[in-house]
Amino acid sequence: MQTRTRRLKSLLELVRLPNIFTAPADVVMGMAVTGAPLTLANGSLLLASALAYAGGMALNDAFDAPLDAVERPERPIPSGRFTRAAAFWLGSVCLAACLALAASAGRRPFAVAALLVVAIILYDGVAKPTWAGPATMAACRALNAGLGASVGVLDLSSAQPVAVLFLYILVVTIVSRFEVIAAPVALVRAAAGAFLALLVASGAIALAAWGSSGAIGLVFLVLLAAWLGAPLRAAIGEPAPRQIIGVIKAAVLGIILLDAAFTGAARGLWPGFLVALLFLPAFVLGRRFASA
């Protein structure tokens, strides 16, 4: 029994269980801003998104196994709790399941899911250590939101929240390159400024696109600002890996609040609140399982 429990814990750590909740939040946001119906009929896309995230994380650790053996020996593969071959297998199965679920929702969702799977494999296998890594990771997130947008009507105003998500993840991924070495203070300050600019832009987009109802999104943006503030101040004071990891963890969970802001602005308080509720299991599980 204990062996099975350890294996399950290693599996959940491999796929970054706490962060999986951020993936369907993107999809709901994509549906909300494009006017797609938030119905059970589109529920398969939420699961497809979660599987894409889990598969991407499994492949990430499989490709990174040699580097993790040096920099992160506690991870499931280098610690011997999970084999590299099993991680490749798991990642492939999850991505295949993502495609199958997206296909059940229609041609457009399948096409977006196919692009998402290609982007995930490209990032994990090729682009991650290169200059193109941050933009490729950001494209993965934008395409993830695109799963939801694919069942709605995408125009300029509805594309703007997806663009904000792209830029938000671009900043997070650039900062994540300093998980194991001290980051320049100037970079952390620049990241803090970028996050602030994106929050202000998000508020302006919400008000411009959805008028007075867009003000609902400001509530979640204020919460996101408060959530990011403490780890950013700590990292500016001491830009060591421990503090940088704190910023990354906070920013990744903060994706849920960003998605809630746009969902609330487009669809009202309750849809935004329901998306924000995903923050609770992500936060609680993040205290037990590794999320970075």
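A pocket here is an open set of grid points with protein on both sides within 12 Å along at least five of seven lines, and its volume is the space filled by probe spheres set on the points. With that in mind, the largest pocket of this structure has a volume of about 960 Å³. Please keep in view that this is a predicted model. The second largest pocket comes to about 250 Å³, and the structure also holds 9 salt bridges.

**The largest pocket**

- The lining of the largest pocket is made up of 39 residues.
- If you want to find its centre, look for Asn-60, Tyr-123, Lys-128, Met-137 and Ser-176, the lining residues that lie nearest to it.
- Five helices each supply at least two lining residues: α4 (43–71), α6 (107–127), α7 (133–149), α8 (156–175) and α11 (241–267).
- Helix α4 gives the largest share of this lining, with 11 residues.
- By residue type, the lining of the largest pocket divides into 19 nonpolar, 8 polar and 12 charged residues.

**The second largest pocket**

- Around the second largest pocket there are 13 lining residues, and Val-28, Leu-38, Leu-46, Leu-274 and Val-275 lie nearest its centre.
- Two or more residues of this lining come from each of α3 (22–33), α4 and α12.
- The lining of the second largest pocket has 9 nonpolar residues, 4 polar ones and no charged ones.

**A nonpolar patch on the surface**

- Leu-269, Trp-270, Phe-273, Leu-274, Leu-277 and Leu-280 form a nonpolar surface patch, and together they have about 630 Å² of accessible area.
- Helix α12 (residues 269–276) contributes the largest share of the patch, 4 residues.
- Leu-274 counts as exposed because its relative accessibility is 53%, and exposed means over 50%.

**Salt bridges across the chain**

- Side chains of opposite charge can pair when their charged atoms come close.
- Arg-72 pairs with Glu-179, and here the closest N and O atoms are 2.8 Å apart.
- This second pair also links distant parts of the chain: Arg-72 is in the loop between α4 and α5 (84–105), Glu-179 is in the loop between α8 and α9 (185–210), and 107 residues separate them.
- Glu-179 is buried because its relative accessible area is 17%, and buried means under 20%.
- Arg-72 also meets Glu-71 in a salt bridge, at 3.6 Å from N to O.
- Glu-71 counts as partly exposed, with 34% relative accessibility.

**Arg-16 and its network**

- Arg-16 is linked with Glu-13, Asp-61, Arg-75 and Arg-81 in a network of salt bridges.
- You will find Arg-16 in the loop between α1 (2–14) and α2 (17–20).
- The phi angle of Arg-16 is near 55°, a positive value in a residue other than glycine.
- Arg-16 has a relative accessible area of 7%, so this residue is buried.

Definitions and conventions: Residues are numbered from 1 along each chain as its sequence is written. This is a predicted model: local features need pLDDT of at least 70, side-chain atom pairs count only at pLDDT 80 or more; totals for chains, interfaces and linings use all residues. Side-chain values use heavy atoms; hydrogens and water are left out. Patches are made of residues with over 30% relative accessible area and no salt bridge: like charges are joined within 9 Å, nonpolar side chains (Val, Leu, Ile, Met, Phe, Trp, Tyr) within 5 Å. Accessible areas come from the Shrake-Rupley method with a 1.4 Å probe; for residues, only the protein chains shown count as cover. A salt bridge is a side-chain nitrogen of Lys or Arg within 4 Å of a carboxyl oxygen of Asp or Glu. Buried means under 20% relative accessible area, exposed over 50%, partly exposed in between (1.4 Å probe, protein chains only). On a 1 Å grid over the protein atoms alone, a cavity is a set of points where a 1.4 Å probe fits but cannot get out, and a pocket is an open set with protein on both sides within 12 Å along at least five of seven lines; lining residues have an atom within 4 Å of a point. Ala, Val, Leu, Ile, Met, Phe, Trp, Tyr, Cys and Pro count as nonpolar, Asp, Glu, Lys and Arg as charged, and the others, Gly among them, as polar.
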